[in-house]
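Please look through the structure shown below, and then follow the paragraphs from one chain to the next.

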Amino acid sequence: MKIRPALLALLLGASCASPSPVELMDPPQDGKLRIIAFGAHPDDCEWAEGGAGAKWAAMGHHVKFVSCTNGDIGHWGMAGGALAKRRTAEVKKCAEILGNTAQVLDIHDGELMVTMENRRTICRLIREWKADVVISHRPNDYHPDHRYVGVLVMDAAYMVTVPYFCPDTPHLTKNPVFLFSEDEFRRPNPFTADIAVAVDDVIEKKLAAMAALESQFYEGGCNGGPHLVPDTKDAAAVAARKKQVRTEFEEYFSGPATRHRAALANYYGADAAAKVRFAEAFEICEYGRRPTPEEIRKLFPFFPAK
Amino acid sequence: MTRTTGVLALWLAVVGASCASPGDVSPMKAPMPAPAQLPQDGKLRIIAFGAHPDDTELREGGAAAKWAAQGHHVKFVSCTNGDIGHWNMAGGPLAKRRAAEVKETGKILGIAQEVLDIHDGELMVTMENRRTICRLIREWKADVVISHRPNDYHPDHRYVGVLVMDAAYMVTVPFFTPDTPYLTKNPVFLFSEDNFQRPNPFTADIVVAIDDVIEKKLAAVEALHSQFFEGGANGHAGLVPDSKDETAWAARKKTVRENFSKRFAATATKYRAALETYYGKDEAAKVGFAEAFEICEYGRRPNAEEIRKLFPFYK
Amino acid sequence: MASDKARIIVFGAHPDDCEYVAAGTGAKWAAKGHAVKFVACTNGDVGHFAMAGGPLARRRTDELAKCGRILGLTSVSLDNHDGELMPTLENRKTVVRLIRDWKADVVISHRPNDYHPDHRYTGVLVQDAAYMVTVPFFCADTPHLAANPIFLYCDDKFQKPNPFAADVAVAIDDVIEKKLDCFDALESQFYEGGCNATADTVPGDPAGKAARRKKVREELRAAFASKADKFRKQLEKRYGKKAAKIEYAEGFEICEYGRQPGAEELEKLFPL
């Protein structure tokens, strides 16, 4: 949770020369990568980049998942503050599983708009995380919240390097690499897999995260219904439902591996790529820094040496 | 469509009984939003959104008349009131005049219509407007939603496109705008035809021959007197003959009619190949007038069979 | 057009954008007696590593005035904060009024694809003004234009969702030194490095300073030269065999939302 400068000054006592909040929260200079991902709802980051996130975290890199809305209409039976709290707890559980930090913004689900205030919020979050890499949705997607996260993050690209834009947070001297997570939409232009990551080694973690997002998958989210949820006393039915969710995700997460076999071969070599069962793909956003192939390998230290 | 109805009724009965006590804070026991109760008359329900009181008539007036003739329910919504759309009249008086015009076209085509009280040229992408569109789609219990693509010369057209896309899927979310019952199925969303190429051109996924209703469509064009006979925002006094000069008046009507005949015929020419897909080569060759639609990726994707159900015009 | 003289207005995001994309063509138009106006839709007030706010806005306005004198045209900025341009109705009306007051035949601006949000939203605002400038009762306080102007996009390098495609290119060899002189005048942005520079960007000693000035000028020269290569095909269409020798160029793409000029009209409109 961001500590406002004024409050911090107060806490420290007016007579002290108060250090800037960012100095206190200054990330360690530990040579590790810093990745921040923005999703629309408390489940989008986990779904789209949970695998890469777990791989980065396992190597000691710093990953943060931000949900730009609190997901408070994302269920068929619960809504409002109660659901927001529940979903926040779910992504915190995911964070324990995957090894990232999670934050949920207090913006109503279904109501994310492209405003200056939201642009500033995103800018501050990227700067405070001192991100090397920023991931978000493309601005083509069936859900308006996804699209507007895409627009807002694009609107923060480059601006994070401008010192007097949001001068209350120190600017980044390097524009991060901005990436889009995969989607299936073709108009006005289709997703391009510039980078493909095999996530077989962390698929159990990713599936565990999907299981932890109980309100969304086990219970079916906003388009679900009570018919999906077996009586908790019926152990067999509960196990069957859990298995159904897991199986559906196994199939879904294997899609990118099939679709992006060529991109995987580019990074892993044809033989290893052929064996990959689960993958995540990313497109390089033109508004961030453009990484060279060498830099891609530095930012995704998952690929075997060439 | 009715998957949840039976189970839901049972659930609500259970919940209703246990919900009586105050202080019962279990969220799962709170009254759940109800899905829209769909009419059981076996007829389709189509809603189209245009920017101004004439856009839907021009772009889908033919398909609308065909649907209506078969007893299906069609509604046209103008997202602005068109109140700057004339070279001489504006404000409230023009808005009222244009509302009357689309009431008339509604009668001609056999459809319902509504005009929103938003100023022409000032349609913005706001939450309020998104909710309005969502409510209209839900209240109409739409199977099909038609609107503009977000590429177009007119900002109102573009922002209707954006607003309707922003309502796609959200119409199925129970707690979004919970004051209207949600749809259990995301409608099929379609875009009407336009000529713009950037960033990407229109694709004619569905084409409808409208020869059998072209007279109705041209009658609707005629009824939109302020826009076409009088020339709308870019017109001028020179276009409008003396009402006592019957010859000149008839000539002007003829010009308007011919211009639009040409325009509606151009669609048939341009999308002859798509017409062949739906009508076969021989019949397609004879089609004089058509309307074309592109499937929006954010709505439900109909397969070939469902397209024929939603457009019951093909043999 | 009323006479054979055209009236051109260019909208850029910041006080330097119009110059970057159209200074050469603008100078050539001005030299032929056409009326050219450059408008920066923001005042550029976060565009420096050390100065900001009002003082920077004023400094950048002065820089524009210098550019205007060099090029023989009017170059101004609007009082909107840099980095905060939103496609609001109020901004749309401002753009409509500016186009109408200038009685523009031609309007040029950014495409809505670009790394900078101010560039994108300038592009959106100008698109949103297209056609509306002809509607009498939109912004009824300014007389409408009888004809929708020709709208064009200036060049950018972005590919998604679709790449820039030049419909016309202009050789600017005869005015390249003037264009480069503008960038010398846009001191806060280029010599001093703008918002991504540091205190060390400009050397302390006079020799170092002179070297820096030269370096900046040559880097920009190279950038403007690369456009000649980028638009070689379009240059060949207009200049024939002479195209091979052209060293510097600017390119423009027709926007679908303005009046669509025929090839002949476009050819006559843009200076050779």
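In helix α5 (residues 176-185) of chain C, the buried residues are C:Ile176, C:Lys179, C:Leu180, C:Cys182, C:Phe183 and C:Ala185, where buried means that 20 or more other C-beta atoms, placed from the backbone, lie within 10 Å of the residue's own, while exposed means 12 or fewer and partly exposed lies in between. Helices (H or I, at least four residues) and strands (E, at least two) are DSSP runs, numbered from the N terminus. The buried residues of α5(C) pack against α1 (17-31), α2 (53-71) and α6 (206-230) of chain C, with two residues taken to be in contact if their C-beta atoms, placed from the backbone, lie within 7 Å.

This is a predicted model, in which local features need pLDDT of at least 70 and side-chain atom pairs count only at pLDDT 80 or more, whereas totals for chains, interfaces and linings use all residues. Residues are numbered from 1 along each chain as its sequence is written, and chains are lettered from A and ligands numbered from 1 in the order in which they are written. For chain C the mean pLDDT (the predictor's confidence in each residue, from 0 to 100) is 96, and 99% of its residues reach 70 or more. For the complex, the predictor gives an ipTM of 0.90 and a pTM of 0.89.

Chain C meets chain B through 14 residues, which are in contact with 16 residues of chain B. The side of chain C that touches chain B has ten nonpolar, two polar and two charged residues; here Ala, Val, Leu, Ile, Met, Phe, Trp, Tyr, Cys and Pro count as nonpolar, Asp, Glu, Lys and Arg as charged, and the others, Gly among them, as polar.

Chain B itself holds ten helices and seven strands. Its radius of gyration, taken over C-alpha atoms, is 22 Å, close to the 20 Å that the globule rule (2.2 Å times the number of residues to the power 0.38) gives for 315 residues, so chain B is as compact as a globular protein of that length. Of these 315 residues, 49% count as buried.

Towards chain A, 21 residues of chain B are in contact with 22 residues of chain A. Helix α1 (residues 3-18) of chain B supplies the largest share of this side of chain B, four residues, and the side as a whole divides into 16 nonpolar, three polar and two charged residues.

In chain A, the buried residues of helix α8 (residues 235-259), including A:Val245 and A:Phe253, pack against β6 (195-198), α7 (203-212), α9 (261-268) and β7 (279-284) of chain A.

Note on methods. Expected span 1.5 Å × (residues − 1).
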